[in-house]
Amino acid sequence: YVCLDAGLQEQRLAEPIALPDVGAYPLPTPPAPDPDAVAHAAALLVAAERPVLLLGHTGGTESGWAATIALAEMLGLAVVTDRSSQAAFPTDHPLHQGMWRTQTGDAAALTIREADVILAVQRTDVAGALHQRSGRSGPPARVINVTLEPYAVRSWSADHQELPAAELTIASSAEPAIRAIAAAAADAVRADAGVRRRIEERTRSLADLSRAGRARLDAANGAEAGAHPIRFSRVVAELRAALGPRYHDAIVAQAPHTPWPTATWDFSTPKSYLGHDGGAAVGSGPGIAVGAALAARGSGRPVIAVIGDGELLAAPTALWTAAHHGIPVLFVIENNQSYHNDEVHQDRVARARGRNAENRWIGQRMDRPAIDYAALARDLGAFGIGPVDDPDGLRAAFDEALRALDDGRPVLVDVRVGG
């Protein structure tokens with residue numbers, strides 16, 4: 001944030017400002033992991049019975065994506081990802097066990113709880129994830145934490161949240177560390193038939209768990225597909241169906257607080273999901289989505305933001321920005337006619353304090369009068385559709401929205417949801 005004196009702001013320029021050549025300021029090379037620490041980490045993972053790969057912001061490159069998959073497959077690692085971070089591993093891979101803040105969140109917690117060795121790579125709040133092991137009997141998990149957070153600590157800030165207890169902390173970027181650990185572990189795996197057999201058995205067991213979990217979620221989502229009001233899983237399923245083969249190229253720029261139906265919509269390529277804005281960022285979703293769509297403009301990849309009605313109301317002018325600059329982006333509004341995150345919080349606090357939880361809606365509901373988000377979108381220059389309150393009307397609404405998106409327009413579809 002730069003504050004300029006009013007006189008300087010209003011001073012007339014005698015000539016254009018000469019901007020420096022950005023090529024003279026290249027990015028620094030990523031820090032390399034310590035070889036001794038890498039060897040120690042590889043030995044722990046090779047010897048582990050229930051190793052877990054806990055992924056966060058790993059960079060999003062094609063090469064890093066491939067290296068991460070190769071490491072997990074070589075060692076038979078159970079993989080847990082985080083919705084707060086961009087896509088780091090294919091969620092439809094047999095080794096992927098769960099993703100935080102999605103319908104597979106319980107499986108992710110169970111995986112961490114049962115681990116004996118955990119390799120965390122650029123994971124935000126490792127200590128918070130390890131709290132899933134609270135109350136567990138037996139020895140603690142041996143933790144390897146690959147992180148750059150020590151570089152973020154200043155005399156006036158501590159961005160790492162709670163400091164995690166880790167046997168090894170490796171200060172390195174994600175991809176160099178992953179490649180180095182894989183190289184260090186490869187010889188040990190090749191040399192020991194017993195290790196290879198254990199990895200093969202673990203890989204089969206993890207694949208079975210993954211398939212069973214996805215089948216349960218598919219069945220649960222299918223059972224509520226025709227529910228009124230519309231369920232969020234049906235919204236996601238219909239949008240995927242409308243996209244057809246383009247689903248694989250879609251970029252989900254934002255997702256709501258509602259648990260994402262991972263088995264319905266997988267993140268199977270780099271940048272298929274860009275991460276969540278996290279706490280204390282109310283209203284950031286619309287702007288983040290427009291920025292992502294600007295970056296992707298001309299790539300042929302549709303950019304989609306699924307956000308709540310309250311989130312849109314905090315910064316609706318992002319729609320005008322997209323319309324003004326011709327930025328195609330699809331907003332799907334999960335409209336429960338409430339600032340529902342606060343409503344749930346008020347419910348929890350009321351119950352904890354022995355108060356009447358029936359009043360949780362006060363100051364949070366937005367239904368008298370109901371807001372016409374499609375009309376708001378049109379007023380701001382975007383293409384507005386809705387409200388859609390019948391699940392059988394979703395497909396037609398999304399087909400219309402995608403036609404407008406292909407014409408290069410920002411589009412909003414207002415969907416009334418519940419549950």
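Colleague: Which residue of strand 11 stands opposite Val332?
Modeller: In this predicted model, Val332 faces Val413 of strand 11.

Colleague: What makes strand 9 and strand 11 a pair, and in which sense do they run?
Modeller: Pairing asks for at least two bridges between two strands, and 6 bridges join strand 9 (residues 330-335) to strand 11 (residues 411-416), so the two strands count as paired; they run parallel.

Colleague: What is the order of the strands in the open sheet, and how are they paired?
Modeller: The sheet consists of 5 strands in the order 7-8-9-11-10, with parallel pairing.

Colleague: Why are strand 7 and strand 10 said to stand at the edges?
Modeller: Strand 7 (251-254) and strand 10 (383-388) each have a single partner strand, so that one side of each is left without a neighbour in the sheet. Neighbouring strands of this sheet are, on average, turned by 20° against each other, direction ignored.

Colleague: Turning to strand 2, what makes you call this strand mostly covered?
Modeller: A residue is called buried if its relative accessible area is under 20%, and in strand 2 (residues 78-82) 5 of its 5 residues are buried; the strand is therefore described as mostly covered.

Colleague: How do you know that both faces of strand 2 are covered?
Modeller: In a regular strand, side chains alternate between the two faces of the sheet. Here Ala78, Val80 and Asp82 lie on one side of strand 2 and Val79 and Thr81 on the other, and all are buried.

Colleague: How many bridges connect strand 2 to strand 1, and how many to strand 3?
Modeller: Strand 1 (residues 51-55) pairs with strand 2 in the parallel sense over 3 bridges, and in that pairing Val80 is the bridge partner of Leu54. Strand 3 (residues 96-100) is joined to strand 2 by 4 bridges, again running parallel, with His96 as the bridge partner of Val79.

Colleague: Which elements make the right-handed β-α-β unit?
Modeller: The unit is made by strand 1, helix 3 (residues 62-75) and strand 2.

Colleague: Why is Leu313 called partly exposed?
Modeller: The class lies between the cut-offs, under 20% for buried and over 50% for exposed, and Leu313 has a relative accessible area of 26%, so this residue is partly exposed. Leu313 lies in helix 10 (residues 309-314).

Colleague: What makes Tyr339 a contact of Leu313, and which other residues does Leu313 touch?
Modeller: Contact means heavy atoms within 4.5 Å, and Leu313 touches Tyr339, Met366, Ile371 and Tyr373, leaving aside residues up to four places away in sequence. The C-alpha atoms of Leu313 and Tyr339 are separated by 9.9 Å, while the two residues are 26 residues apart along the chain. The contact rests on heavy atoms, and the 9.9 Å separation is that of the C-alpha atoms.

Terms used: Residues numbered from 1 in each chain as written. Predicted model: local features only at pLDDT ≥ 70, side-chain atom pairs only at ≥ 80, totals over all residues. Heavy atoms only, no water. Axes fitted to C-alpha atoms, helices over the stretch in contact; angles between N-to-C directions. Buried < 20%, exposed > 50% of the residue type's maximum accessible area, 1.4 Å probe, protein only. Right-handed = clockwise from strand over helix to strand, strands pointing away.
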